[in-house]
Amino acid sequence: MYELPDRGIRYEDSGAELSGQGLPVVFLHAGSGSSGVWEHQLPAFTAIGYRFIAYDRPADGVPVDDLEALAEYIGLERFHLV
C-alpha cells in the first residue's frame with residue numbers, strides 16, 4: 001500500500017513493483033467501503049496483464065479531484081475505470 005502525498009489517500013498499484021507495466025485499470029469502491037473490497041480481483045487482473053490500481057476514497061474528499069490527483073501523481077494518461 002502506498003500513500004498520495006499531501007492528500008492522505010492510500011492506494012494499491014501493481015505497476016509500482018513492475019515499472020508500470022500493463023494497461024491500467026482503476027477500481028473505485030462504494031462511498032461507505034474501502035479499496036479492500038477489490039483484494040480478490042488483484043491476482044486475476046494482474047495475471048492477465050493489467051495494471052491494478054485501487055485507492056481508499058476519503059469520506060470528505062471530492063471523488064473526481066481525488067482520482068485526478070492520483071492519476072497525475074502515478075503518471076496515468078489513460079485508464080479503464082471500474
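A: Let's begin at the hairpin of S1 and S2, where four residues lie between the strands and Asp 6 takes a positive phi near 70 degrees. This is a predicted model, in which local features need pLDDT of at least 70, side-chain atom pairs count only at pLDDT 80 or more, and totals for chains, interfaces and linings use all residues. Residues are numbered from 1 along each chain as its sequence is written, and side-chain values use heavy atoms, leaving out hydrogens and water.

Strands here are DSSP runs (E, at least two residues), as are helices (H or I, at least four), numbered from the N terminus. Two strands pair if DSSP finds at least two bridges between them. S1 (residues 2-4) pairs with S2 in the antiparallel sense over three bridges, and Leu 4 stands opposite Ile 9.

Buried means under 20% relative accessible area, with exposed over 50% and partly exposed in between (1.4 Å probe, protein chains only). In a regular strand the side chains alternate between the two faces of the sheet.

On to the next partner: S2 and S4 (residues 50-55) run antiparallel, joined by three bridges. Glu 12 stands opposite Ala 54 in S4, and Tyr 11 stands opposite Tyr 55. Five of the six residues of S4 are buried, so S4 is largely enclosed by the rest of the structure.
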